[in-house]
Amino acid sequence: MSNDLQLQDYMDGYRFQVKCISCGYEWFQEPQEVSSLPQSHDRMYIAEFEQVLVCRSCHKTRAKITPIIIMPTHHFVGGMA
């Protein structure tokens, strides 16, 4: 899946698997939780958010986010504006 999509593109039918690059700790987060954090906003790209997300275990910034589809009938349909 491409990291060229913004947080708002994942609001329906997804959740994020997050893995800390520093310590290897993994957790899941809902896109709504992510967009409500003080260091984020809905129009942030996933790659941008990976640089500011703080690990729940070691409290360092740098994580790898993998979007996971939780609604089997959900399909992203997008185009160039």
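Let me start with the side chain of glutamine 29, which makes a polar contact with the side chain of tryptophan 27, at 3.2 Å. A polar contact here is a pair of N or O atoms within 3.5 Å; within protein, one must be able to donate a hydrogen and the other to accept it, and residues adjacent in sequence count only if both atoms are side-chain atoms. This is a predicted model, where local features need pLDDT of at least 70 and side-chain atom pairs count only at pLDDT 80 or more, while totals for chains, interfaces and linings use all residues. Residues are numbered from 1 along each chain as its sequence is written, and side-chain values use heavy atoms, with hydrogens and water left out.

Glutamine 29 lies in strand S2, residues 26–29; strands are DSSP runs (E, at least two residues), numbered from the N terminus. Is glutamine 29 buried or exposed? Its relative accessible area is 7%, so glutamine 29 is buried, meaning under 20%, against over 50% for exposed and in between for partly exposed (1.4 Å probe, protein chains only). Leaving aside neighbours within four places in sequence, its contacts include Arg15, Phe16 and Leu53, where contact means heavy atoms within 4.5 Å.

Next, tyrosine 14, in strand S1, residues 14–20. Tyrosine 14 is buried too, at 5% relative accessible area. Its C-alpha atom is separated by 4.6 Å from that of isoleucine 69, 55 residues apart along the chain.

Last, arginine 15: its charged end sits over the ring of phenylalanine 28, 4.3 Å from the ring centre. That term requires NZ of Lys or CZ of Arg within 6 Å of the ring centre and within 35 degrees of the ring normal.

Note on methods:
Helices (H or I, at least four residues) and strands (E, at least two) are DSSP runs, numbered from the N terminus.
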